[in-house]
Amino acid sequence: MRKLSTNSTTVALKQIIHNSTTSEAYRSLRFNIECSVFGREAKTITITSASRGEGKTTTAVQLAVAYAQIGSKVMLLDADLRNPSIHSVFGVEPSHGLTNYLEGQISINEIVRETIVENLELIPSGSRTQNPSGLLASKLMDTLLASLKENYDIVIIDSSSLLTITDAKIMGSKSDGVLLIVEHGKLKRDIAKKVKEELMLTNMKLIGVVLNEVKDHQADAYL
């Protein structure tokens with residue numbers, strides 16, 4: 001396991017940890033997930049969105065921190081192989097990560113990184129690859145998820161956007177549940193219909209929808 005230098009911790013992560021208002025919102029989200037039908041059975045949760053820029057990575061990080069803060073052993077996995085960003089939040093290099101394991105270059109233990117958040121570890125995306133969908137659909141991905149489910153209480157997976165490429169569908173179908181992130185006022189009706197169709201076609205278990213960028217006076221639920 002590679003250790004994380006505290007000097008490389010980013011401003012974004014420090015804000016996540018110390019922002020009490022935001023932390024409370026994601027603690028509520030964690031509680032709502034645990035109370036949902038699929039959430040009670042979910043050890044692997046894929047975070048996705050209809051399109052890019054709706055806050056799925058922020059949600060993945062915040063939710064992972066929220067679980068870690070109650071003592072759960074958490075793995076945060078960056079499976080957005082085309083536009084990875086988990087590594088930048090934690091200030092680590094993305095190399096020696098998921099793709100390197102899936103290409104048979106290194107072992108599981110070599111891709112796991114510690115973080116400054118107690119109980120939270122992460123696996124970065126790894127080196128760039130020419131075949132992200134093929135790697136995610138592989139048997140080695142199944143092996144990795146099985147190992148993570150055995151060794152962690154919860155596995156939070158940051159995936160690609162749902163409608164742009166197949167990667168999120170692959171990870172969603174391999175996970176116990178899917179959390180869909182929607183930016184308030186951004187998702188149009190026709191896009192929402194496509195999202196619903198994709199979820200039904202792939203038999204993904206939708207845990208819930210997180211409405212992002214909602215003003216305080218508008219917010220009454222997160223799931």
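Reply: R30 counts as buried, at 11% relative accessibility; buried means under 20% relative accessible area, exposed over 50% and partly exposed in between, with a 1.4 Å probe and protein chains only. The model is predicted, so local features need pLDDT of at least 70 and side-chain atom pairs pLDDT 80 or more, while totals for chains, interfaces and linings use all residues. Residues are numbered from 1 along each chain as its sequence is written, and side-chain values use heavy atoms, with hydrogens and water left out.

The partner of R30 in a salt bridge is E34, with the closest N and O atoms 3.9 Å apart. A salt bridge here is a side-chain nitrogen of Lys or Arg within 4 Å of a carboxyl oxygen of Asp or Glu. Both residues belong to helix 2 (residues 20-35), and because they are four residues apart, about one helical turn separates them. Helices (H or I, at least four residues) and strands (E, at least two) are DSSP runs, numbered from the N terminus. E34 is partly exposed, at 32%.

The whole structure has six salt bridges. Another of them joins D80 to K56 at 3.0 Å between the closest N and O atoms. This pair links distant parts of the chain, 24 residues apart: D80 is in the loop between strand 2 and helix 4 (86-90), and K56 is in helix 3 (residues 56-68). D80 is buried, at 5% relative accessibility, and K56 is buried too, at 9%.

D142 and K174 also meet through their side chains, 2.4 Å from N to O. D142 is partly exposed, at 30%, as is K174, at 22%. Salt bridges with shared partners join K56, D80 and D158 into one network.

Strand 2 (residues 74-78) is mostly covered, with five of its five residues buried. V74, L76 and D78 point one way, M75 and L77 the other. Strand 2 runs parallel to strand 4 (residues 120-123), joined by four bridges, and M75 has E121 as its bridge partner there. Strand 2 also pairs with strand 5 (residues 154-158) in the parallel sense, over five bridges; pairing requires at least two DSSP bridges between the strands. In strand 5, I157 stands opposite L77.

In helix 8 (residues 167-174), the buried residues are D167, A168, I170, M171 and G172.
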